[in-house]
Amino acid sequence: MSYNITEIDQWAKAFWNENKVYEVTNDTSLPKHYVLDMFPYPSGAGLHVGHPLGYVASDIYARFKKMQGFNVLHPMGFDSFGLPTEQYAIETGIHPADATTKNIETYKKQINNIGYNYDWSREVITSDPKYYKWTQWIFLRLFDSIYCYENQKAYSISVLINHFETHGNHNNTAFTNKEVPPFSAEEWHQFSEKEKNDILMHYRLAYVDYAEVNWCEALGTVLANDEVINGKSERGGHPVVKKTMKQWFLRISAYAQRLLDNLESLEFTESLKEQQRNWIGKSQGALIDFKCNEDTIKVYTTRPDTIFGSTFVVLSPEHPLIEKITSSDFKTEVEAYQNYCKTKSDIDRQAEKKVTGQFTGAYATNPVTLQKIPVYIAEYVLMGYGTGAIMAVPAEDERDFRFAKHFEIPIVEIFDKSQITNPEIGDKKGIYINSDFLNGLEYAEAHTKIINQLIQLQVGEPKTQFRIRDAGFSRQRYWGEPMPILWKDGIAYPLPEDQLPLMNPEVDEILPTEDGSSPLARNQKWVNEIEGYTRETDTMPAFAGSSWYFLRYMDPNNEQHFVDTDLAKYWNQVDVYVGGTEHAVGHLLYSRFFTNFLYDIQLISFYEPFKRLINQGMIQGRSNFVYRSVSNPNHFISKNKITDAQQVTPLHVDVNIVENDVLDTEAFKKWRHEFANATFELEEGQYICGWEVEKMSKSKYNVVNPDHIIAKYGSDCFRMYEMFLGPIELSKPWNTAGIEGVSKFLRKFYHLFFNEAGELKITNDAPQAEELKILHKLLKKVSEDIEQFSFNTSVSAFMIAVNELNQIKCDKKGILEPLCRAIAPFAPHLAEHIWSKINPNPSSIVLASFPKFEAQFLIENEVEYPVSINGKMRLKLKFNTDADPKTIETEVLANETVQKWMEGKPLKKFIFVKGRMINIVI
């Protein structure tokens, strides 16, 4: 057939499906390569052209590794639990499960249209009960486990119970971030079942506690810090307040050091590693006691050496001691300030430039100066970091300095920096002054000395601290995994495993109850279904299912285990993981935590999930604008016709009715009812739109549907244009006009093999040296580029090679057949079609080998020399690399062009520089 890209696309897809080309077997005799995309949340809007960028890149890489002989696992699924679907259900009455099914169908249709090599038999959907049965099962393993900080490993909680029964909590090495009073074995045996379980809850890796959370009344749920912006929910812009609620947590803080240490072995970018390090936030300092009447304020500081300059203490507004220490004179003001802080997220509080705070009326004793210093509360101190209390040193901390200035608190200088060039606050430079026994010392010696003094005075101890907080694991939502927990007499019991999966019950409304419980609590029959117990009604967060999905792809249909041990050992780590930078912290940390834990309890043989991570950039939208006249709202003025005297309002217009910035005015009139009677002031018969690069968004009408591009240009053209836009890791704008160049290239590629009638025109003639050189130069470039994910330069290399082969009218099968295999990862549909024509009864090109680069064909046998006469270059001549200089001189001087420029004049000097140049002096 002639070049009909629609027919080629449809034929190739049908061929792959009929022959199950993409089905992956667990053939352990082959070397494996696991390539994974961060799976999408299936929103109702479907894909736009920005979404497939990483998918196309990983697909090219996966196809390449398959052609290199690897058994490649490149699966796809859907992260389908989440708040947007629940909100949609509330607004429309459509059940989340039904909306999710429909959205997934749309996504799969679009994904298949692009031509990825996914094995859909391995699909995982996090909201499928067959999948989340195992999410619940993993949660129960976490609930039943503790972490030994000495051995750096998780163990069954039965190990801890045995220790308590024999030794009490003496010499207990189980990790906890709670204060647990000492008790003996005898006391343990005397505790009630409730008391024992309360103690054990302080050690479980999945535990329940009361905590300050971001509560959004309108959405009826708790929000993570990154879901709150300026005191409002990211979704919907609803007010968010701090509220104390019972919440489930995962004790990820127990793994902080492990997560930090393991980073060194991973092929992540240094910037991404630094993001992870900052989130984990390891610091070393001291825990110091400041007495406040009968109570003790515990302060964590990385600078105990500055304690002589501490002139006040600041507590987080959520600190539990505030109510107890606040004097009656300041009670009203303190409560008002606490209420103010409840409206702000931790991020907003840290970013606040205005100095705010409130004196409590209480004073604490500086343990080394023994001076009474005032106790304040302020929003810049967070309960989630350290102890929620700081010793403020205004001379050595910028925030403390501004606070002290604002509230007129004394500032004590503790460093003599007179000999320091460009001194800065907190730079640890200078000699200590006003610091008693530290006077005259420098930082290193002073730091050691003050730690020893705090220990001797029994008012402090050295402490390693991590910023990372335990992961909130409760959501007051419907559309999430139900918690497999039963409650009785205040004790949490695991649901028996034979009752998994615990599925979402039917409810009358998908809304939280009046007391803030999740919609599951509306079905009281379900809540009280098991006699004597009540079910937990919170659901799991969206990250629960996405923290281990990469393991389920290895063995998706196993009903007995979450993954077979041998298959997990074979597929092992994800070799290459591709996704956006927005998941550089949360998702990666949770996935790493889950994997480390499952390794500890010997369910898998590796402790890090992802060996190499590629972060793709964003494809931005190229928005178009029309210009509405202010004086006549029905009149629109073309961009270059607007004068200074005319007032216009720019309006976003749907980019799908604009081509090369020219507006389809009739389509514009039909686009929205309000524009039906629009009139236009044109330029040369056209309406020219303005444009701007912005985030691709429905509200800006700049979303480009890949289906429309593929319908016009074909799947391969879309794939190659996405790669041609620029380096994978950078953000770049989409411009549909630019795709024409790639479309012309693919047509040229096709016509290397076929004439205009679609008839094969290749020959079996032996390839020439020049043809082999073009081919192997391309193979070297493309092979190296694919490994480095440098696909934009690969596409350029193909364009150059095809132009060169066209110029020399190459028709050799020995050149074109490997060229077809080389382009197969990039343009699989066209390559499959060509492959079927040049090879009788072939198997799929997907199963063919990638052509190997052979360096011998790039060895230069000839050198082209510029020939100058009296310093002016007149021509170029080629000679064999091993040609004798005398022979070259004879041939050059005999050349007609050279003789013409010599004009019969005698030769004075013949200069020959091997491999570089020839100069004739006359």
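A residue counts as buried when its relative accessible area is under 20%. By that cut-off Cys810, at 4% relative accessibility, is buried. The model is predicted. This briefing covers its cysteines, domains and cavities.

**Cysteines**
- The structure holds zero disulfides.
- A disulfide needs two cysteine sulfur atoms within 2.5 Å; the sulfur of Cys810 lies 13 Å from the closest cysteine sulfur, that of Cys820, which is too far for a bond.
- Cys820 is likewise in no disulfide, its nearest cysteine sulfur being that of Cys810.
- Cys820 is buried because its relative accessibility is 0%.

**Domains**
- The domain assignment gives domain 1 (41–121 + 543–615), domain 2 (140–275 + 470–535) and domain 3 (282–466), along with domain 4 (620–703), domain 5 (708–848) and domain 6 (860–921).
- The centres of domain 5 and domain 6, taken over C-alpha atoms, are 39 Å apart.

**Largest cavity**
- Three cavities of 30 Å³ or more are present in the structure, and the largest holds about 100 Å³ of space.
- Residues lining the largest cavity include Val21, Tyr22, Glu23, Val24, Lys66, His74 and Val846.
- The lining of the largest cavity comprises six nonpolar, two polar and two charged residues.

**Second largest cavity**
- About 50 Å³ of space lies in the second largest cavity.
- Its lining consists of Arg63, Lys66, Met67, Ala824, Pro825, Pro828, Ile845 and Val846.
- Six of these residues are nonpolar, none is polar and two are charged.
- Helix α2 (residues 52–67) supplies the largest share of this lining, three residues.
- The second largest cavity lies between domain 1 and domain 5 because both give residues to its lining.

Conventions
Residues numbered from 1 in each chain as written. Predicted model: local features only at pLDDT ≥ 70, side-chain atom pairs only at ≥ 80, totals over all residues. Heavy atoms only, no water. Buried < 20%, exposed > 50% of the residue type's maximum accessible area, 1.4 Å probe, protein only. Domains from an automatic or database assignment. 1 Å grid on protein atoms, 1.4 Å probe; cavity = no way out; pocket = protein on both sides within 12 Å on 5 of 7 lines; lining within 4 Å. Points joined across faces, edges and corners; volume = space filled by probe spheres on them. Nonpolar A, V, L, I, M, F, W, Y, C, P; charged D, E, K, R; others polar. Helix = DSSP H or I, 4+ residues; strand = E, 2+ residues; numbered from the N terminus.
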